[in-house]
Amino acid sequence: DTERKEWQDLQPSMDSSKATDYSMSSSYKVKALINHPVFGLGVVQRLVGPRKIEVLFEEGKKTMRCK
C-alpha cells in the first residue's frame with residue numbers, strides 16, 4: 001500500500017527526539033513530527049482546512065484536529 005511505502009521512505013529521516021506530543025490545542029506546520037498516544041510517531045503532511053491536519057502514521061494517514 002502506498003501510504004505504508006511513503007512511511008517507510010520517510011522514516012529514516014525522522015528524528016523521534018524532535019517529535020512533539022500531539023495535542024488538539026496545539027498548532028502544527030507541514031513536515032512537523034508528532035507523537036500520538038495511540039498511533040505513535042507521525043509526520044504532518046498537509047493542512048486540511050480550519051483546525052485540521054493530515055498526518056501520516058505507520059498504519060496510514062489520519063485527519064487530526066488542531067488549533
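At 24% relative accessibility, Ser23 counts as partly exposed, the class between buried (under 20% relative accessible area) and exposed (over 50%), using a 1.4 Å probe and protein chains only. The model is predicted, so local features need pLDDT of at least 70 and side-chain atom pairs pLDDT 80 or more, while totals for chains, interfaces and linings use all residues. Residues are numbered from 1 along each chain as its sequence is written, and side-chain values use heavy atoms, without hydrogens and water.

Ser23 sits in the loop between β1 (20-21) and β2 (33-36); strands are DSSP runs (E, at least two residues), numbered from the N terminus. Between Ser23 and Asp9 there are 26 Å from C-alpha to C-alpha, at a sequence separation of 14 residues.

| Residue | In contact with |
|---|---|
| Ser23 | Tyr28, Arg65 |
| Tyr28 | Thr20, Asp21, Tyr22, Ser23, Ile34, Val44, Leu47, Ile53, Cys66 |

Tyr28 also belongs to the largest nonpolar core, which has nine residues, including Tyr22, Phe57 and Met64. Such a core is a set of buried Ala, Val, Leu, Ile, Met, Phe, Trp, Tyr and Cys residues joined through side-chain atoms within 4.5 Å. Strand β4 (residues 52-57) gives the largest share of this core, three residues.

Now to the sheet: five strands form an open, mixed sheet in the order β1-β2-β3-β4-β5, where pairing takes at least two DSSP bridges between two strands. β1 and β5 (60-65) are at the edges with a single partner strand each, so one side of each has no neighbour in the sheet. β4 and β5 pair antiparallel over six bridges, and Glu54 stands opposite Thr63 in β5.

Note on methods:
Helices (H or I, at least four residues) and strands (E, at least two) are DSSP runs, numbered from the N terminus. Contact means heavy atoms within 4.5 Å. Lists of a residue's contacts leave out its neighbours within four places in sequence.
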